[in-house]
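Trainee: I am new to this structure. Please take me through some of its salt bridges, one by one.

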Amino acid sequence: MTAADDFWDLRPEAFIHAVVSGSIYPYTEHRIPKPRGGLRTLHAPIRRLSWIQQEILARLGTLPARFQPHPAAFAYRKGRSVVDCAAVHLRAHTVIRLDVADFFGSIRERHVHAALKGAWPRTAGPEYRIELVEGDDGSPEIGLRRVGRTLGAYTTARLVTVSPPESNHTWPNRGTGRRDVRLEATGQRFSVRRPTLVHQHTHEGFLPQGAPTSGYLSNMVMRDVDAVLAHKAESWGLRYTRYSDDLYFSSRGPVRPERVDRLVTEVKRALEPLGMRLNAKKTYVARPGARRSVLGILVDGSTPRLTRAYKRRITLHVRGAASFGVMQHCYHQKFEDLAELDAHVTGLLSFAHMVEPRWAGEQLAAWKRLREIPLEHEEPVMTQHGLDLLFDEEVDVSQADLAKASIDDLVRGAQRYRSSADYVQLLDFVGRFKRYAPFNAMVVHIQRPGARYVLSSAEWKSKFLRVLRPGAQPLLIFQPRGPYMLVYDVGDTEALPGARPLPREVTSPVAVTSRAGAKKVAEVWHHTEANLAPLGVRLTLVDHAASSYGRTYPSRSDGFVSRPGGRPGDRPEKYPILFEIEVNRNLSLLDRYTTLAHELGHLFCGHLGAGPGDAWPDRRWRPRSDEERIAAHARDEVEAESIAYMVLKRLDPDVQMGDYITGHLGPDQQVPDSVALNLTFRAAGLIIEMGQKRVPAAKLQKTKK
């Protein structure tokens with residue numbers, strides 16, 4: 001298998017061929033615990049494959065109506081929600097719920113291919129065509145030539161399914177069948193079989209949980225099943241809907257037990273062609289006297305309602321915080337901090353607002369008053385078009401295209417970054433890009449991660465006597481009375497005669513100033529670097545642009561990091577690599593050390609998980625809302641930069657580090673409640689000690705909370 005990091009070296013056609021043939025495995029597996037025990041495996045496509053799948057998803061939405069999901073399918077469809085699904089079953093006398101076991105894993109590559117075969121556009125002809133070509137000796141040979149860029153049904157099916165290396169499912173047909181092709185040349189007839197170069201992979205794929213296309217394709221595959229079950233339900237006086245793997249039937253009147261048994265039999269028969277089966281443990285029949293709900297929403301009345309149990313889960317927190325105080329309630333309910341409690345309550349209220357908006361609005365207002373959070377509008381969310389416009393390497397983005405790109409598109413592109421491995425780097429850039437509002441800094445980073453300082457062409461000329469270089473790349477940001485404007489990075493400008501040197505805030509916007517001597521800083525750097533090994537930290541200097549400082553992330557390497565023994569003749573100490581810290585080698589030595597202190601602050605505060613032997617606690621965030629993401633980032637950055645500030649203060653009492661910390665505080669300039677001051681001071685003390693001498697491994701690994 002080719003490593004994921006190498007995928008970007010492949011040309012687009014080579015990348016698609018590698019995925020289709022199975023020579024690479026472009027997915028990352030995540031195993032998460034199920035509520036009732038066991039593990040669920042999520043297969044997340046790497047970013048390049050995800051973009052292709054997003055494009056496929058956009059094309060699926062343009063297929064003729066006869067190929068679209070059945071009206072009874074409510075999941076993974078724009079404009080439809082759980083409330084819409086539940087509304088079909090209002091005034092239900094009896095509710096029957098059936099669950100499909102291993103839903104996505106049961107939808108095999110052959111099922112996806114069958115759903116696409118008749119629906120997929122054929123206007124561009126087949127993907128590959130057999131033809132005669134001239135061999136090295138001038139004789140005719142049979143060759144395979146690429147025709148057009150349209151993906152065929154088989155290739156598309158391979159691009160949207162996952163085939164783990166350990167899979168033992170096979171599909172001999174592979175969607176091609178056996179075809180005889182006759183070609184005529186120079187009066188001779190050649191009888192050949194169609195080449196199967198892209199179909200040699202022996203493992204049959206299935207729909208991955210984690211791919212953007214899986215939900216919509218599952219609805220397409222289930223279209224015939226939905227049609228059969230909807231027709232059967234209508235003939236028996238029942239109503240039918242499906243939400244992913246949950247099948248719901250309801251009636252306005254009594255349903256005899258033998259009718260329920262027959263219904264289950266008919267459902268099993270409808271699922272057989274797809275090799276699916278029901279999960280008998282999750283079959284549920286609710287009659288008067290029982291809770292008649294669909295997707296957790298009561299449907300026994302004329303309007304959808306929340307269950308009493310669900311409302312109690314919300315009022316428990318609102319009333320508890322009102323009676324005993326938010327902080328005391330947080331500790332009593334065993335939440336790690338206020339941010340985790342906020343995320344939990346906000347998540348509950350988000351669902352409640354869809355079902356009973358008035359009641360949920362009252363509870364949300366009460367909760368925000370208790371938390372002293374201002375009521376704000378939510379950020380808009382985002383279409384795929386803007387992301388494609390900004391990231392597609394094969395699209396030539398002109399100024400006109402950028403000007404036409406909607407604000408909604410750019411916002412949604414940032415949302416997408418949030419779920420990727422690059423989000424930490426994105427947030428770090430946003431925090432350090434102090435001249436602009438965080439939102440605009442985020443938009444600039446999406447378009448050009450290496451940007452340092454951006455202004456409009458008119459401002460560059462009026463303020464700094466600089467003009468745009470030929471081929472300068474325009475960047476789009478939003479202005480208060482906008483909607484948008486085009487700006488350019490300092491690297492895309494050149495000075496006119498008489499222009500003054502650029503000020504430090506432009507050339508190095510977040511640099512540190514200090515009187516500490518280079519020899520002292522080098523000594524501190526050397527000691528600190530040597531003391532990283534017992535913590536499983538590998539430090540690497542990398543070549544980045546001036547605006548990129550550093551980053552920390554869990555290591556995916558199985559190697560070791562070592563440091564010399566404590567005394568002459570001692571064997572070197574070796575430790576498994578747990579974390580990676582990258583620092584920009586193009587920074588000054590003092591800036592490099594400041595960056596290292598900042599990244600170690602993230603590490604020792606548990607922002608990336610627990611240390612070896614629980615040397616520091618696991619304080620990773622699992623944000624569930626935009627509001628919590630902002631709070632999480634503020635906490636992490638205030639803690640890390642506070643540590644760097646204290647460490648640099650010990651090196652030079654007169655050090656100046658700018659206003660980076662205050663940029664993450666609220667309007668009243670108060671430190672967030674979630675900042676752990678005791679942990680911050682302990683971490684700063686350890687980093688200071690690491691810069692002074694060799695610290696024994698046992699002491700480093702017992703840093704403790």
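Mentor: E55 and R59 are four residues apart in helix 2 (residues 47-60), which means that about one helical turn separates them. Helices here are DSSP runs of H or I with at least four residues, strands are runs of E with at least two, and both are numbered from the N terminus. This is a predicted model, in which local features need pLDDT of at least 70 and side-chain atom pairs count only at pLDDT 80 or more, while totals for chains, interfaces and linings use all residues. Residues are numbered from 1 along each chain as its sequence is written, and side-chain values use heavy atoms, with hydrogens and water left out.

E55 and R59 form a salt bridge, with the closest N and O atoms 3.3 Å apart. The term requires a side-chain nitrogen of Lys or Arg within 4 Å of a carboxyl oxygen of Asp or Glu. By this rule the count is 21 salt bridges. E55 is partly exposed at 32% relative accessibility, and R59 is partly exposed at 36%. Buried means under 20% relative accessible area, exposed over 50%, and partly exposed in between (1.4 Å probe, protein chains only).

A second salt bridge joins R694 to E573, the closest N and O atoms being 2.8 Å apart. R694 lies in the loop between helix 24 (677-690) and helix 25 (697-700), and E573 in strand 22 (residues 573-576), so the pair ties together parts 121 residues apart in sequence. R694, at 33%, is partly exposed, and E573, at 21%, is partly exposed.

E689 and K693 also meet in a salt bridge, at 3.9 Å from N to O. Here E689 is buried at 15%, whereas K693 is partly exposed at 44%.
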